[in-house]
Amino acid sequence: MPSLRPDACPGLTATVVERLKEANVSTVIEFLNRGLEELSKDCGLPYQELTAIRRVLLAQYSSFPMSGVDMYDEAVSASAILSTGSHGLDTLLDGGLYTGEITEMIGPPAAGKTQVCIATAVAVVMETDHNVVYIDTGGSLCPSRLHQVMQSHDITEEKYEEMCQRIQCFKIFDIFQLQECLQELHQKILNQSAPFHSNLKLIIVDSVAAVILPILGGAQTDSHGHMIHLSRILKSLATDCSTAVLITNNTTGANNDTGQVLPSLGRSWHHIPNTRIAISRMNESSSKSFSSESKSETRRVSLVKSCKQVIGGSTMIAIKDTGVT
Amino acid sequence: MQRELSSFPIQPSLMSKLTKAGFTTVEDLTDLKPLQLSQELSISNEEALDLLNLVRGEHPSKLKLKQTTSFTAFDMLQNEESQQCIVTFSEQLDNMLGGGLPVCKITEFCGAPGAGKTQISIQLSVDVQIPTCFGGLQGEAVYIDTEGSFVAARAADIAKATVEHCSNIAQAENNEEQLKSMEAFTWESVLAGIHYYRCNDYLQLLATVHLLPEFLTQHPKVKLIVVDSIAFHFRHDFDDFSLRTRILNGMAQSFIKLATQLNLAVMLTNQMTTRVNADGGSHLTPALGESWGHASTIRVILYWRDRQRYARLYKSPSKQDMTVPFQVTLGGIRDVKTSEDQSHNMQGASTSQHKPQSNYEQNTNEHNTKNAQYQTASSSEPYHTGGTERAYGSGQDRKRSRIDS
């Protein structure tokens with residue numbers, strides 16, 4: 001809701017703004033919502049002048065139409081599909097992570113979410129010349145693990161150093177810092193000031209729930225706004241800056257009657273990601289007792305939400321020392 | 001896209017004033033003077049100044065919070081390699097955790113009553129103080145006790161055993177630096193290095209956690225924060241579950257923030273609860289529900305089986321699942337020796353794989369012969385304390401009841 005300010009557009013002089021204010025119109029929205037005839041009576045400004053201002057404001061704030069062909073061409077030329085490093089996962093995601101989309105991975109604790117994030121980051125810097133931003137909100141990014149996964153790709157030490165420089169990490173622990181960080185990224189990418197940012201194609205946030213849950217719940221009312229705001233920044237990072245955004249989220253409802261697993265953060269968050277995959281441990285029923293010795297590196301990944309693939313498909317991945325396969 | 005004001009930590013009443021006056025993005029505020037803003041919003045000058053400082057990122061008192069610096073993965077790796085771990089005195093447990101309790105991470109130990117959670121807590125608050133010349137961190141510990149299970153006499157036992165162990169190494173090696181540092185490293189000094197908080201309800205716990213950053217700036221030597229247990233106050237009298245989730249996750253975030261910024265280790269213990277399966281059976285699972293499961297970076301489950309304690313690594317960003325046995329002796333946490341011969345073979349093998357983390361392994365031949373308390377079957381196995389119980393003998397029944405036989 002931007003306010004009406006002198007010189008915001010021609011014709012909107014200081015006296016006009018003053019007059020409008022007297023008629024209780026101080027923001028653009030208020031101006032556009034009022035009938036012009038009524039307004040010209042209230043503030044004693046000529047009708048034509050107000051129409052001109054309205055026209056300019058509308059043009060200034062409206063978005064532009066785009067033809068489907070142009071959109072398609074742009075999608076084909078500008079979007080990239082980033083491999084996650086695991087063939088099964090790529091197939092499930094119709095090729096991998098799409099730029100311009102938010103992909104969410106949900107799962108219970110120790111399901112392997114962070115492992116997939118690490119493997120994807122490594123796969124992107126190894127196989128493409130794109131850069132990665134990794135935002136760690138839970139302190140779970142483990143550089144030595146990153147190293148271990150990279151080593152399995154059999155590279156020299158100098159090459160390794162170069163690869164590592166292309167993964168930029170942020171350690172962020174509250175939502176305000178996260179919003180600030182993402183906003184800065186957004187600006188840097190659009191400015192194309194640094195070579196790192198102009199080649200940035202993947203943004204990982206592991207996990208969003210860790211920063212949102214501390215402000216959600218209880219009697220807080222504004223926290224919901226922060227969550228939606230965060231989702232808007234993520235969306236605009238994905239679309240405006242054509243990056244692929246990979247986020248992780250917790251699950252809830254594992255113990256309800258239906259046994260259906262839902263992502264946490266509530267219903268309004270469910271709509272945010274374009275694609276959602278759920279990851280869980282295998283044979284959970286038999287190994288549910290923690291004292292059982294069964295070790296499993298296999299995880300089941302299933303597609304919960306997608307606009308490209310049939311929902312409900314699933315695949316097996318294995319989390320090994322060498323990464324995710 | 002301009003950053004919106006709603007993405008700043010601004011109180012709702014002020015925010016609604018801003019919105020009403022038409023200020024929604026940072027740009028709207030950049031050219032304003034505090035006086036103008038205070039008139040526009042009819043707020044005090046100070047409030048207006050605070051607001052402008054916040055939005056322009058020039059808040060003088062919150063400079064520390066503004067550390068959204070980025071690292072490359074390479075910086076992080078080098079950083080991590082220079083970091084040390086807190087040893088547990090059980091070599092197998094250390095191996096499982098990747099050298100011991102890591103700093104900059106939250107490690108959670110879950111277990112049913114009597115599984116050894118408090119013992120490990122006390123052991124680690126002692127071990128964090130081992131002098132640097134022995135490969136320790138020479139730090140201090142903050143011990144937040146919610147259950148009242150910390151026993152000072154037990155801490156003294158473990159401290160004495162640890163000090164004795166170090167002094168034996170120093171004497172065996174005849175290392176002057178080590179001998180010198182032993183003068184300051186006594187069991188009294190170890191106990192003095194544990195800052196103990198007793199929290200009787202969750203309000204106290206919350207308040208303590210909020211005050212911790214201040215305490216830690218006054219005590220920069222603190223390298224370990226123990227909360228034993230995080231679950232206790234949250235498992236009863238809590239109707240509003242969303243509030244509980246919020247409080248717990250808020251605490252987890254402030255812990256991980258402290259851990260990363262101050263390079264210290266956070267160790268939490270958690271209780272177990274019974275979950276009923278769909279098929280009518282039940283199993284034990286860590287308390288506080290699923291959302292809490294994400295809070296800790298590393299999760300270890302402690303349990304008993306066949307009269308033997310086990311620790312299972314359930315969640316870790318860098319290690320595979322693993323289960324190792326351990327025991328609690330009078331001197332603290334130790335590796336298990338099933339029988340003298342078996343352990344000789346087994347331990348011998350595991351020692352050779354173990355990359356040296358500290359000086360414990362050096363010259364243990366001499367040290368073992370000198371020290372009856374740590375006398376073990378395997379001369380190459382320094383962690384071992386098979387003889388501990390014998391050394392103290394009878395008359396210690398009170399203590400024995402707390403430790404394994």
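Student: In which sense do strand β10 of chain A and β11(A) pair, and over how many bridges?
Tutor: Strands here are DSSP runs of E of at least two residues, helices are runs of H or I of at least four residues, and both are numbered from the N terminus; two strands pair if DSSP finds at least two bridges between them. One bridge of this pair sets A:S280 against A:R300 in β11(A). Strand β10 (residues 275–281) of chain A and β11(A) run in the antiparallel sense, over six bridges.

Student: What kind of model is this, and how are residues and chains labelled?
Tutor: This is a predicted model, in which local features need pLDDT of at least 70 and side-chain atom pairs count only at pLDDT 80 or more, while totals for chains, interfaces and linings use all residues. Side-chain values use heavy atoms, without hydrogens and water, residues are numbered from 1 along each chain as its sequence is written, and chains are lettered from A and ligands numbered from 1 in the order in which they are written.

Student: Which strand of chain A does β11 of chain A join through five bridges?
Tutor: Strand β11 covers residues 298–305, and its partner runs antiparallel to it. A:S302 in this pairing stands opposite A:S314. The partner is strand β12 (residues 314–320) of chain A.

Student: Which strands are the edges of the open sheet of 10 strands?
Tutor: The order is β13(A)-β12(A)-β11(A)-β10(A)-β3(A)-β7(A)-β6(A)-β4(A)-β5(A)-β1(B), with mixed pairing. Each edge strand pairs on one side only, and the two are β13 (323–324) of chain A and β1 of chain B.

Student: Which residue of β1(B) is the bridge partner of A:F170?
Tutor: Strand β5 (residues 167–171) of chain A and strand β1 (residues 70–72) of chain B run antiparallel and are joined by three bridges. Within that pairing, the bridge partner of A:F170 is B:S70.

Student: How much area is buried between chain B and chain A?
Tutor: Counting heavy atoms within 4.5 Å as contact, 66 residues of chain B and 78 residues of chain A take part. Buried area is the accessible area (1.4 Å probe) that two parts lose on being put together, summed over both. Carbon and sulfur atoms give 54% of the total, which is about 6,200 Å².

Student: Which residue of chain A forms a salt bridge with B:D321?
Tutor: A salt bridge requires a side-chain nitrogen of Lys or Arg within 4 Å of a carboxyl oxygen of Asp or Glu, and two are found across the interface of chain B and chain A. For B:D321 the closest N and O atoms are 3.1 Å apart, and the partner is A:R281.

Student: What is omega for the cis peptide bond that joins B:D228 and B:S229?
Tutor: Most peptide bonds are trans. B:S229 lies in the loop between β7 (222–228) and α12 of chain B. In chain A, a cis peptide bond joins A:D206 and A:S207 with omega of about 0°, whereas for B:D228 and B:S229 omega is about -5°.
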